[in-house]
Each structure stands twice: as C-alpha cells, then as structure tokens.
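I opened this notebook to record what I looked up in a two-chain model. The sequence and structure come before my entries.

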Amino acid sequence: MDGIQRRILEEIADLHEVPEGAYNLRVNGKSEGRRSTANVEIAPKPEGSGLDIRIKPGTKNESIHIPVVLSEAGMKETVYNDFYIGEDSDVVIVAGCGIYNCGVQDSQHDGIHRFYVGRGAKIRYVEKHYGEGDGQGKRILNPVTEIYLEPDSTAELEMVQIRGVDSTERMTRAEVAEGARLIIQERLLTHGSQYALSAYEVELNGENSAADVVSRSIARDDSYQKFDALIKGNAPCHGHSECDAIIMDNGRVLAVPQLEANNLDAALIHEAAIGKIAGEQLVKLMTLGLTEAEAEEQIINGFLK
Amino acid sequence: MFELRNIGLEVDDENRHVEILKDISFSVGERKFVVITGPNGGGKSTIARVISGVMQPTRGSIFFGGKDITALGITERARLGIGYALQQPVRFKGLDVRDLLRIAAERELSTDEACDYLSRVGLCARDYVHREVNASLSGGELKRIEIATVLARKPRLAVFDEPEAGIDLWSFQSLIKVFEQMRAEIENSSILVISHQERILEIADEIIVVANGSIDRHGPREEILPSLIGTTSAVSQCTKLLERS
C-alpha cells in the first residue's frame, strides 16, 4: 500500500497496520491481504463478487475487519459480502470505505452487506465512509445493508459518513424476530454540493422485538440530505426513530419518518427536528472565550460525537 | 477595575422607540461583591448583556482594567477576563459537562479537576461529569453547571444574572452557600450578581438599585439594604414560593 492508501485506511478503520483477528483488506478491487481464524472463516464467493464470512456459534470477543480503499480514479465496483453469524456469538465487525479521487472520472463503490444473525447472537457493526482528493471526478458510495435478526439476537450498527463523499444512497433493511433488538446510530456531515439519501425499512416481526434508529446529521454549504425511515410494527413491539439535523449556510434536509402499525400492540414513536445552530449556544461558548467559528466547530463535533 | 460610563441603550421595537438603559454609570472595585437589584423589567439583565458584550450600548463607554473595551466583542471580553453566567442556561446536544468545563478552562481537565468545580457548586460530581448538557438536566442542575463554567474560567470580573431564578428551594440553599464561599474566597477578582434575594444582598459590599433603565440608588449594603427589606427588590425565597403557590 502507498501513503495515500494507508492514510485512507486509518480514516475509515483506525488501522495503522494489519489488524488482529480475521480481516480482508480490499484495495482498488483486489484483496491485499486476508486472514481467517479458528472461529471466523473469510472466503471469496465462487463468482468473485465478494466474500462469505462465517462466524462459528459461540464465538466471543473477536473482531473482523473488512475495509475497502479506492485510490484509482474511475474505479467502479459492486461487492456483495454475506455474514453468517453463529448462535450465541458476540463479535465486532468493522467495515468502511474510503475513496481518494484526484482524477476527472467518478469513483464508485457499492457495498451490499447482508447479515444473518443467529439466535441469541450479538454483533456490533461499525461502518465509516470517507472521501478525499481534489479531482473533478465524483466520489460515490451506495451501501446496502440487510440485517436478518433471529430470535433474541442483537445488532448495533454505527454508520458514519463525515465529509468527502459527493453522492451517497444508503439503503438499510432489517427484519427483526421475537425478542431481537436492532440499534442504529447514524452520523452524517455533508458539505459542498454533496447529496446524501439515507433510507431505512425495518420490519418488527416478532413479539417483543425492538428497533431504535437514531440519525444525527449536519448539512453545510449547498448540500442536500434526505432521511427516510419506515418502521413497521407487525407484532407487539417497540419501534423508535429519531432524526436530528442541523442546517448551515444553504444546506437543506428532508426528513420523512414513517410508522406503520400492523398490530394493536405495536408501540411506535418517531421524532424529527431540523434547525440551525441556536444563537444562544454560540453566545454561551463565546462567553467562554471561543470565537464564533470555534464555537460552531465545538457544537458540530459534540453533536456528531 | 471595571466601570460603566454614561451607558445608554435604545432600540426600535414594533415601531416604538424604547430606551432600555438611560445614562447608567457605576464602577466595581477590586475584590468587591456588588449586587444589582430592582423591579423586573427595569434593565438589570440588559446591563449584564452589555457588560459581557452580548448587546452593544448605543451610548457611553465601558472600561475594564483601565482599558476602553466598548468596541470589543463577546470573545475578546471573555479573553480579557469577564465571565458571564446566563440567566437561562443553554442546552447542548452532544456536549457533556466536562466538555463545557474544558472549554471554559481552556485546557484539558482531569476528572478530579472537573469534579472539583462541580463539587463547589454542590453537585455530586462523578454523577455529572459525563452527563450531556441536554434536556435531561433540571433547571437547577443547569444553573449550577452554568456557575461551574464561570468558576472554571477564573475571571477577574464574574457576572451572574439571577443565579437563583427557576430553581427549587433545596438548590437555592446550596446555591447561597456557593456565593457565600465565593465571597469569602474572593481574591484579585470582583463579583457582580443580579438578584432580588435577601440572602445574596446580605453578603454584598455594595448594592445598586436599577429601575426604569436608570440607577435609582447605589451605595454600601448597610446604607441601601434597610430601605429594600419588604419590597420586591429584596425577597426571601419563601416569599417567592408563596407568590408562586
């Protein structure tokens, strides 16, 4: 890997070197390194379109890293990764994609991740998206995440996209069985003339299933964001979605929270709030010695923490 | 040390010309604890905003440490050593109590240091240091955190705008102790408090009575306080509770 690729890798996965545990590092469409462990098998799909990742039942405290780096302008790829998470396992999966584009052609990575979370299993999934480079070519990421939660399993997803991605259409679909929980935390910052769509469709199918989808975002400059979250309560369940957005400059945000109750005992709540940074917040931080720009930065950093 | 000289503030409000402050002049000396009182709507909070730079006067000058600071903004005044606790503390999604204290102190704070500031305002520190400064905190908790941020700045002039407003009786008792302690430990600094509270007026060196945008009276506590007892400019917390019930 060259210096640029190393830096991108650090941005998206906090990795300075080869990670511990199982990993697959994909750089410009090719695997640059892969390791399976006794409990985690990472194997390429026969047709070469992605990976099958199998985690043995009962696997605890292991991490799996599958970062993707694109540094060639004009590179376009679609990758399918399927995760089979064995019963009662407890693992952390770190994905993420970083694009460096200094050319005139668009670079695009569409990652389709499917998670089959076994009964009683617990996963934490961290996905960071990042882009840089001063070329005219666009940096485009269109992730699709599908999660199938078996009874009493838990999935916690942390999805972060801070700066640099020109266009993103993120689709997240989930089916949640009885006693299972889905927790999603999304953090998004768009700037320039970027466009970001984040759409969720969560089906709460089992008794005592639960979902909590929370998005915090900031739209600066001339960027545009759309947050579209649909939660369907098909059984006695608890569903909650929250979109909290700060707009700055000419930034625009459309929040479309949707709830569909198909069962009398489905308890569903949505919250959405969009607004600029409150003047009194800036004043308070300025009375503590910050300039207006520094105050703004502190508020943004805190909000996206 | 600090002086307002002939401060006037006029605004146009719904086609009406309003004079909020009229020729306000007073000074606050070194190591002095000065309380501004007076009827509601008389201009007290506006004086605090003018001192901190949140509002600009339309007439007059402001001096701090011998320097004319009238033209300076909020940030510059804060950096010169003016601290300001707002009457309505602000909530922040995502910033926690320790973040605010760190910003106030202009350096990283150890958990012990952050806890020390919170203990001084009567908060059980370890429960609060990582709390987000959001709607989950009560009015009384926010008020005390607001005061802690001013303490963390170690300002040469600390301005508190109605620190007792909107808090319950229990919080009030411990808040009075905070001010009594600040009064006892005052060193190379001065404190200006806007308050109607008898117990805060009782620890003042000087009292300024502001009404209708002007200074009605200004003098040593012994001289001013007796004339205020029994008026709305010097109430006990119990009186306030009775008014509310």
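**Entry 1. Conventions.** I noted that the model is predicted, so that local features need pLDDT of at least 70 and side-chain atom pairs count only at pLDDT 80 or more, whereas totals for chains, interfaces and linings use all residues. Residues are numbered from 1 along each chain as its sequence is written, and chains are lettered from A and ligands numbered from 1 in the order in which they are written.

**Entry 2. Chain A.** I found three helices and 22 strands in chain A; helices (H or I, at least four residues) and strands (E, at least two) are DSSP runs numbered from the N terminus. Along the principal axes, the C-alpha atoms of chain A fill a box of roughly 55 × 55 × 35 Å. Of its 305 residues, 45% count as buried (20 or more other C-beta atoms within 10 Å of the residue's own, with C-beta atoms placed from the backbone; exposed means 12 or fewer, partly exposed in between). Among contacts in chain A between residues at least 6 apart in sequence, 81% join residues at least 24 apart; a contact requires C-beta atoms, placed from the backbone, within 7 Å.

**Entry 3. Chain B.** I found ten helices and ten strands in chain B. Its radius of gyration is 18 Å, close to the 18 Å that the rule gives for 245 residues, so chain B is as compact as a globular protein of that length. The C-alpha trace of chain B spans about 45 × 40 × 40 Å along its principal axes, and 44% of the 245 residues count as buried.

**Entry 4. Where the chains touch.** The contact takes 17 residues from chain A and 19 residues from chain B. On the chain A side, α2 (279-287) and α3 (292-303) are the elements that give two or more residues, and α2(A) gives the most, with seven residues.

**Entry 5. Helix α1 of chain B.** I asked how many residues of α1(B) are buried. In this helix (residues 44-52), nine of nine are buried, among them B:K44 and B:R49. B:G53 follows α1(B) and has a positive phi, near 95 degrees.

**Entry 6. Helix packing in chain B.** I examined α3 (residues 97-105) and α6 (residues 139-153), which pack at about 30 degrees with axes 7 Å apart. These two helices are therefore roughly parallel. Angles run from 0 to 180 degrees between N-to-C directions, and axes are lines fitted to C-alpha atoms, for helices over the stretch in contact. Angles under 35 degrees count as roughly parallel, over 145 as roughly antiparallel, 65 to 115 as roughly perpendicular and the rest as oblique. The contact is made by B:V97, B:L100, B:L101, B:A104 and B:A105 of α3(B) and B:I145, B:A148, B:T149, B:A152 and B:R153 of α6(B).

Helix α4 (residues 111-120) packs on α6(B) at about 125 degrees, with axes 9 Å apart. That makes α4(B) oblique to α6(B). I listed B:Y117, B:L118 and B:R120 of α4(B) against B:A148, B:L151 and B:A152 of α6(B).

How values were computed:
Two residues are in contact if their C-beta atoms, placed from the backbone, lie within 7 Å. The radius of gyration is taken over C-alpha atoms; the globule rule is 2.2 Å times the number of residues to the power 0.38.
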